[in-house]
Amino acid sequence: MADQDMAREHALAEGSTFTWHELYVPDGEAGARFYTEVLGWQVQQTALEGFDYPMLVANGRPVAGVMSTKGNPQMVGVPPHWATYIAVDDVDARLAKVTQHGGSVVVPPMDIPTVGRMALIADPQGAHIWLFTSAPM
C-alpha cells in the first residue's frame, strides 16, 4: 500500500488525525511567498473546479493550501488565520454529534469533487475546526 493510502486509511480509522491545513489571508500570493522564503517550502498550483488552488509543498509533499480572502464574497470578514482539518469517518454523522454535544455548524457540509466532504464546526467554547472525509479513491 502506498504511503498516501496508508496515511488516509490511518486517518479514517483513527478519526482524529489532523489531515490538512489552510492559510487564509487577504493576499494569498504574499502569504505563500512568506512561507516559501521563511521555511524553504515551494508552491504548487492545483486546478480545482472553477479556480486555481495554490498548495505549500515541503519535502516534495503538499502540506497546506492557501486561500485568498480579499475580493472573495464568500470570505467577507474572515480574518487572517490558519485552518486545520480532522479526518472523520462520516462528516454528516459527526455533525449530528457536534450539535448534540453543544457545538454548532459554522459552514454546512459541502462536497469538493474528487477531494472529499467537509464542514466547519465550532465547539461549545467557540473554537473552530474543519471535519473532513476523503472522496472514495
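Modeller: We'll go from the overall layout to the rings, the surface and the charged pairs. Keep in mind that this is a predicted model.

Colleague: Fine. How many helices and strands are in the protein?

Modeller: Three helices and eight strands. From the N terminus, the order is α-β-α-β-β-β-β-α-β-β-β.

Colleague: What share of the residues is buried?

Modeller: 33% of the 137 residues. The accessible surface of the protein is about 8600 Å². Carbon and sulfur atoms hold 55% of that surface.

Colleague: And how much of the contact set is between residues 24 or more positions apart?

Modeller: 49%, counting contacts with a separation of 6 or more.

Colleague: On to the rings. How many aromatic pairs does a search of the whole structure find?

Modeller: Five. One of them is F34 with Y35, an edge-to-face pair.

Colleague: Why is the pair of Y85 and W130 called stacked?

Modeller: The planes of Y85 and W130 are at 15°, so the pair is stacked. Stacking needs planes under 30 degrees apart. The ring centres of Y85 and W130 lie 5.3 Å from each other.

Colleague: Where do those two sit in the chain?

Modeller: Y85 is in strand β5, residues 81–87. W130 is in strand β8, residues 128–134. They are 45 residues apart, and the pair links distant parts of the chain.

Colleague: Is Y85 buried or exposed?

Modeller: Buried, because its relative accessibility is 3% and the cut-off is under 20%. W130 is buried as well, at 8%.

Colleague: Which residues make up the aromatic cluster?

Modeller: F34, Y35, W41 and W82 form one cluster. F34 is partly exposed there, with a relative accessible area of 45%.

Colleague: Which residues form a nonpolar patch on the surface with F34?

Modeller: V38 and L39. Together the three have about 290 Å² of accessible area. V38 belongs to helix α2, residues 28–39. With 52% relative accessible area, V38 is exposed.

Colleague: Switching topic. Where does T133 lie?

Modeller: In strand β8. T133 counts as buried, at 14% relative accessibility.

Colleague: What does the side chain of T133 reach?

Modeller: The backbone nitrogen of V91, at 3.3 Å. A polar atom of the T133 side chain also lies 3.0 Å from the backbone oxygen of V88.

Colleague: And which residues does T133 touch, leaving out those up to four places away in sequence?

Modeller: V88, D89, D90, V91, V115, G116 and R117.

Colleague: Which side chain meets D92 in a salt bridge?

Modeller: R117, at 2.8 Å from N to O. D92 is in helix α3, residues 91–100, and R117 is in strand β7, residues 116–122, so this pair ties together parts 25 residues apart in sequence.

Colleague: How accessible is D92?

Modeller: D92 has 37% relative accessibility and counts as partly exposed. R117 is also partly exposed, at 23%.

Colleague: What about D111 and R117?

Modeller: Those side chains form a salt bridge as well, at 3.0 Å from N to O. D111 is exposed, with a relative accessible area of 52%.

Colleague: Which residues end up in one network?

Modeller: D92, D111 and R117, through salt bridges that share partners.

Conventions: Residues numbered from 1 in each chain as written. Predicted model: local features only at pLDDT ≥ 70, side-chain atom pairs only at ≥ 80, totals over all residues. Heavy atoms only, no water. Phe/Tyr/Trp six-rings, centres within 6.5 Å; stacked < 30°, edge-to-face > 60°. Buried < 20%, exposed > 50% of the residue type's maximum accessible area, 1.4 Å probe, protein only. Helix = DSSP H or I, 4+ residues; strand = E, 2+ residues; numbered from the N terminus. Patch = residues over 30% accessible without salt bridge, like charges linked within 9 Å, V, L, I, M, F, W, Y side chains within 5 Å. Areas by Shrake-Rupley, 256 points an atom, 1.4 Å probe, with all protein chains shown as cover. Salt bridge = Lys/Arg side-chain N within 4 Å of Asp/Glu carboxyl O. Polar contact = N/O pair within 3.5 Å; in protein donor to acceptor, adjacent residues only side chain to side chain. Contact = heavy atoms within 4.5 Å.
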